[in-house]
Structures are given as C-alpha cells and as structure tokens.
Amino acid sequence: MQIDLTDRPRPLNEKWLLFGTLLSNTGNSMIWPVTTLYMTGVLHQTFTTAGIVLMIGSIISMIGSFVGGKLFDHWRPYEALLITSFIILIAVSSLIVWNDWPAFAGLIWLANLGMGVEQTLVNSFATTVPGEKTRIVFNNMYIVLNIGVVLGTLAVGYFFDYGFSLLMIISSVLYFFLMLIIATKFNVPIAHVRGETVIVDSATATVETNQVRPTFRLTPLLVGIGALLFITYLSYMLWETVMAPHMKSLGMPTRNYADLWMINGITIILLQKVVSGWANKRPYQVSVILGSLIFASSFFFLMFVKAFWQIVLVFELLTIGEMLQSPQVPAWVAKITPKEVAGQAQGFVSMMISSGRVIGPIYSGIMMDRGLMNMMFLSVFVMMLLITASLAWTIFKNKHVKTS
C-alpha cells in the first residue's frame, strides 16, 4: 500500500529528547529534595507524615508508569506526552500559590502522577530515535538526567532560603519550555491503527501492518531484571532517607550530605562516557551484573565508615556501580521485548523502580526505629547479591535468549 509522506513529521531528533530530559529532571530535582524539609520545617508536619506523603507519591508514580506504557502502545504517544506535560505544569505552577497543608500534598501527588507517565513515555520515545543504538541513547539520557539533578539541587541550595514559591516559579518556567519542546518536536511518526502497529519506511514510502500484534509477557529474564531494579532502588532510597540523620549522628554537618549529591552528579557527568564506552562494547548482562555487584558492595563497606572522606569513597563506589547498571537496563529491556510493546516494557522498568522507592522509606524507617543501622546495610547487601546471582543463573539457563 503506497502513501504520501510529504507532510509526515520526521523521526525524533535525539538532541530534543536530551534537552527535554534536562528540563524535566532539573525541574523535578527542585521539588523532591525539599519535600520533607518543607513539610517539617514550614508546614510543621511530622516526619512520619512526610514519609507517608512520599510513599503515596511513589505509588502514584508507579501507577503513572503503567498508564504511560499503555498510552504509548495503545493510544497516541504524542498527544499523551503533551497532555501529561500540561498536567505537570499545572501541578507545579499551582504550588506557587497553594502550598499550604493539605493542598501541598495533593498537588505533589498530581505532579507525581504526571512525572510517572512522562518518564515512561519519554523512555518509550527514546526507543524510536534512529541512527544510534538504543543503549547509547539511554546512556546519553542518563548523563543529561544527572546534569539536571546537579542543576536542580544547586538551585535548591541557593534559592530555598528565599522561599518555596521561588523554587516553584523556576520549576514552572522549566516545565513550560518542556511543554513547548514536546509540542513542536515530539510529533514523530508513531501510529496505532485499530490495534495494529503501523511501521513507516521513509525510504520506500510504504506501510507494513502486523496483523498479529505481539503482547508484553513477563519472561523469567524480565522478572529477574525487575527484581534487580526493585532491590537497587529500595537500597538507593536509603541514601535519600536515612543517610542524612546517620551522618549527623556521626558528628557531620548537614552540608556534608548535600556535598555528597553534588559529588555524585559531577562524577557521573565526568565519567559516564568512559564507563558507558566500556559497557557498550559488552553484552548487557555483563555491565548490569558487574554494576550490581559493585553497587551492592558499597553497602557492605558502609557498615564500617566513620569519617566523611570514607563515606565519599563508598558513595563513589555506589556511583560507579550505578553508572554501569542503570542506563543499560532500559536499553536491555527494549532489546529483549517486541517494539510493538515498547511502552509497556518501559512502563515495567519505571514501575519496578517506583516500587523500590515505595518500600525503601518504609523498610529504612522500621530498621532505624529499632537502631538496626548496620543490619539494614547488611540486609540490602545480601539481598542484592542473591537477586544478582539469581539473574545470572537465569541468563545462564537461557543462553538462547538474545541479550546483546
């Protein structure tokens, strides 16, 4: 069947994908670091209440990830992403004015929903970028994401004392420009007609339709990858929840905790190209499993640290493991799942990340209340080792699955 492609939009340009990722993560990083601080210091809520708000936000984000995958595969990805960006903009801009309790929590949750949908949609769009391997695109997105985290946390450090509303004004401006980029650059040729995937070949100007549409199935390999994502981000949440009070109990000032995240972001910006250059020459499972082992080992050494420089070294170890693992996983999942279910596949990745973020604060809170800090570090170390070993065994048993 011949069609006219004269007015059909071009494929998504990677630079706009990366610029959108930068804006989104800079805006997001101006919100999550101050949620607990603002709720306890300004709104006079308890730490338990702040933890509940964060937990519910993670659950909502997980639901958003599922919805985003379905929208990409079964509806209109461009329209879905545009509407989602508008919802985030409304939520964040509303926080400029309505930031009292309980309106604050409701608007944060609305933003969490939009961000969950957006993350999955953007990751799904990344699988459509032509000209480069998917893993390279995700590596570049990972670098830009961390630049956004550094910029966002810097803004928090410099502007929070001038008021929460100022941070939300800046974040709203960023999300406004993100919406403009999506509106003008993301209208790319991805179409679904009556449940059938339409694949456009611009060279031959033909359309091929798959009469039998593939479905997203949880294979043993995907289950293993999902379990690894869950325990990785459950463990990662320890750094976002209990490390600040733990460092304070060791006699370190609060600014040292902020310094850690700055060092983390700078390390990723400087070294990710080198690390990803090594990883991209090897099968996905090599970099993911090696990264997971390095990531896990950081929690073992964390039981013995007493000084700030020791914590920095341990955090650097965790960061190297993160650089080897995190950007490779979504590309790996995209490789082993059909293109027709790319949205649901990336939604699965986002959901497993969010589920780890849901359980992490609860688990750390229970262990902290009982004074079991070292036991907490040891437990996540052991769990990561067991899950990584289980994933390696699954790969060994399924050599016929193409994973690289």
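Of the 404 residues of the chain, 51% count as buried. The model is predicted. The chain contains 15 helices and three strands. Among contacts in the chain with a separation of 6 or more, 82% are between residues 24 or more positions apart.

Two packed helices are described by the angle between their axes and the distance between the axes.

Helix α1, which spans residues 14–28, packs with helix α7, residues 164–185; their axes come within 9 Å and cross at roughly 155°. Because an angle over 145 degrees counts as roughly antiparallel, α1 is roughly antiparallel to α7. The crossing of α1 past α7 is left-handed. On the α1 side, the contact is made by Trp 16, Phe 19, Gly 20, Leu 23, Ser 24, Thr 26, Gly 27 and Asn 28. The α7 side contributes Ser 171, Leu 174, Tyr 175, Phe 177, Leu 178, Ile 181 and Lys 185. By class, the residues of this contact are eight nonpolar, six polar and one charged.

Helix α11 comprises residues 284–301 and packs with both α13 and α15. With helix α13 (residues 328–336), α11 forms an angle of about 145°, and the two axes are 10 Å apart. The crossing of these two helices is left-handed. Tyr 284, Gln 285, Ser 287 and Val 288 of α11 make the contact with Gln 328, Val 329, Ala 331, Trp 332 and Lys 335 of α13. Five nonpolar, three polar and one charged residue form this contact of α11 with α13.

Helix α15 covers residues 373–397, and its axis comes within 8 Å of that of α11, with a crossing angle of roughly 165°. That angle makes α11 roughly antiparallel to α15. α11 passes α15 in a left-handed crossing. From α11, the residues that meet α15 are Gln 285, Ile 289, Ser 292, Leu 293, Phe 295, Ala 296, Ser 297, Phe 299 and Phe 300. Their counterparts in α15 are Phe 377, Val 380, Phe 381, Met 384, Leu 385, Thr 388, Ala 392 and Ile 395. The contact of α11 with α15 has 13 nonpolar and four polar residues, and no charged residues. Gln 285 of α11 takes part in the contact with α13 and also in that with α15.

Two individual residues were examined further. Ser 298 lies in α11. The relative accessibility of Ser 298 is 1%, so the residue counts as buried, the limit being under 20%. A polar atom of the Ser 298 side chain lies 2.6 Å from the backbone oxygen of Phe 295; Phe 295 is one of the α11 residues that meet α15. With residues up to four places away in sequence left out, Ser 298 touches Val 314, Leu 317 and Leu 318.

Pro 361 lies in helix α14, which spans residues 342–369. With a relative accessible area of 17%, Pro 361 is buried, because the value is under 20%. The C-alpha atom of Pro 361 is separated by 9.0 Å from that of Ile 52, although the two residues are 309 residues apart along the chain.

Conventions: Residues are numbered from 1 along each chain as its sequence is written. This is a predicted model: local features need pLDDT of at least 70, side-chain atom pairs count only at pLDDT 80 or more; totals for chains, interfaces and linings use all residues. Side-chain values use heavy atoms; hydrogens and water are left out. Axes are lines fitted to C-alpha atoms, for helices over the stretch in contact, and angles run from 0 to 180 degrees between N-to-C directions. Helices (H or I, at least four residues) and strands (E, at least two) are DSSP runs, numbered from the N terminus. Angles under 35 degrees count as roughly parallel, over 145 as roughly antiparallel, 65 to 115 as roughly perpendicular and the rest as oblique. A crossing is left-handed if the near helix is turned anticlockwise from the far one by less than a right angle, and right-handed if clockwise. Contact means heavy atoms within 4.5 Å. Ala, Val, Leu, Ile, Met, Phe, Trp, Tyr, Cys and Pro count as nonpolar, Asp, Glu, Lys and Arg as charged, and the others, Gly among them, as polar. Buried means under 20% relative accessible area, exposed over 50%, partly exposed in between (1.4 Å probe, protein chains only). A polar contact is a pair of N or O atoms within 3.5 Å; within protein, one must be able to donate a hydrogen and the other to accept it, and residues adjacent in sequence count only if both atoms are side-chain atoms.
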